[in-house]
Amino acid sequence: GILAHISLGNEEWNPWEGDEKNEQVASQQRYEANLQMIKNARSHLEETSLTVQIWGKAAIGLYLWQHIFEGHLEPADVTAQWREGSQTVGKTYFSFITGPSVVPGYFSVEAENVVLVLNGREKAKITYATQWLHYAQTLIQTHKIQHVAVVLLGNEQCNNEWIQPYLKRHGGFVNLLFVTYDCALVNEEDIFQWPLGVATYRNFPVVEPSWSMLHDPRSHLCNFLGTIYKNSSRETLMGILKQNGLDKLCWIAAREQWQPQETNESFKNYQDALLQSDLTLCPVGINTECYRIYEACSYGSLPVIEDVMTPGDCGNSSMYHSAPLQLLKAMGAPFIFIKNWEELPAVLEKEKKMSLQEKIQRRKKLIEWYRNFKARMRQKFINALEKSFLPSDKG
């Protein structure tokens, strides 16, 4: 049923068509093991039911709903003032609302359990986020709702201390926090790491893999489209590509200033670059984790990640022995991790020698991993809500 759909996605697309049966069997076994784990986690909750309303007040809400939950929104128009969707997963009914018209006090609260999706990246956003938290607190005090979880687009240097007083463990009312980046607050009990995902604020789509995406030769070894900051490792990367003549084999489009909004043309260029490159170069920005990693996975272009910690407070806890990108590493991401761009020429030399068949296998593995990753994040999210929001048997 729905659980099989989580893992297997679109039944019409068979990534193993024409490949050896044993690959299919191994993959099927991985899925079945995953499904069994999910069923076991659910068995003691079978008789219960939960209604959860998600208020999407940050763009990562769209990644949660459309990419991880594979949910739909009406109307489809991304500029609509109000968009909503709903679905039942197991015994939990989820509804999702988003858009500029979703304003505290001006919409009907339709569940006892609420997930607030907030942006805490900078001061102005935090001010707005706290207004939502105070609204939720009032609803709890007046018994309109019972439980609150927060999905937070965290600060890129992991300065998220402002949210702590709102958490139950600090005397507040927020039961659970899902936060992006390698935030030291993460404990996997009531505070979980959450993926940054794709840039939904730029309307990056849910990509369905096609036969040609998997099987066609790609015209470029690698790509990097992005901003080159002065004295950054991105500058070093450009130097290495030019010096070795590799910029001729890769799709490189560098700019000096960051653009929050793409033009239709620049966005199409970017998608084409992902589709036409075997590798996507992911140099660090303010944080090691970036949208580009997930966007490359969507198109089967393998991320080559600069695996270094950025300045700030990320990863400074016992949880984070493998930071940066602890979450992706823990989920077995099949990426290429390098410590220095000096290693890139050797990576690209190896790339030149790979056969198309090997590249096809790698794309399938990457796309299968990414589907599985989203299914596992969805299950982790639901399990955490059920464990926290449902009455326990201990009472």
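Cys282 counts as buried, at 0% relative accessibility; buried means under 20% relative accessible area, exposed over 50%, and partly exposed in between, with a 1.4 Å probe and protein chains only. Cys297 is likewise in no disulfide, and the nearest cysteine sulfur, that of Cys282, is 8.4 Å away. With a relative accessible area of 2%, Cys297 is buried.

Please keep in mind that this is a predicted model, where local features need pLDDT of at least 70, side-chain atom pairs count only at pLDDT 80 or more, and totals for chains, interfaces and linings use all residues. Residues are numbered from 1 along each chain as its sequence is written, and side-chain values use heavy atoms, with hydrogens and water left out.

## The two disulfides

Searching the whole structure turns up two disulfides. One of them joins Cys158 to Cys314, with an S to S distance of 2.0 Å. Cys158 lies in the loop between strand E5 (147-153) and strand E6 (176-180), while Cys314 sits in the loop between strand E11 (302-306) and helix H9 (326-330), so the pair ties together parts that are 156 residues apart in sequence. The helices (H or I, at least four residues) and strands (E, at least two) are DSSP runs, numbered from the N terminus. This link is right-handed, with 95° about the S-S bond, and both Cys158 and Cys314 are buried.

Cys222 and Cys250 form a disulfide too, with their sulfur atoms 2.0 Å apart. The pair links distant parts of the chain, 28 residues apart: Cys222 is in strand E8 (residues 220-227), and Cys250 is in the loop between helix H6 (233-243) and strand E9 (251-255). The link of Cys222 and Cys250 is right-handed, with 105° about the S-S bond. Cys222 is buried at a relative accessible area of 0%, and Cys250 is buried at 5% relative accessibility. Counting bonded cysteines along the chain, the disulfide pattern is 1-4, 2-3.

## Helix H10 and its two sides

In helix H10 (residues 344-353), the buried residues are Leu344, Pro345, Val347, Leu348 and Glu351. They cover an arc of only 155° around the axis, which puts them on the same side of H10; the arc is that of the directions from the helix axis to the C-beta atoms. On the other side of H10, you will find Ala346, Lys350 and Lys353 exposed.

The cover over the buried residues of H10 includes E8, H6, strand E10 (277-282), E11, strand E12 (336-338) and helix H11 (356-389), where contact means heavy atoms within 4.5 Å.

## The open sheet

Seven strands make an open sheet with mixed pairing, in the order E2-E3-E1-E4-E5-E6-E7. Strand E2 (83-89) and strand E7 (191-194) stand at the edges, each with a single partner strand, so one side of each is left without a neighbour in the sheet. From one strand to the next, the twist averages 20°. Axes are lines fitted to C-alpha atoms, for helices over the stretch in contact, and angles run from 0 to 180 degrees between N-to-C directions.

Strand E1 (residues 50-56) pairs with strand E3 (residues 92-98) in the parallel sense over seven bridges; two strands pair if DSSP finds at least two bridges between them. Thr51 stands opposite Tyr93 in E3. H11 packs on the sheet, touching E1, E2, E3, strand E4 (113-119), E5, E6 and E7, and the direction of H11 makes about 155° with that of E6.

Note on methods
Disulfide = S-S within 2.5 Å.
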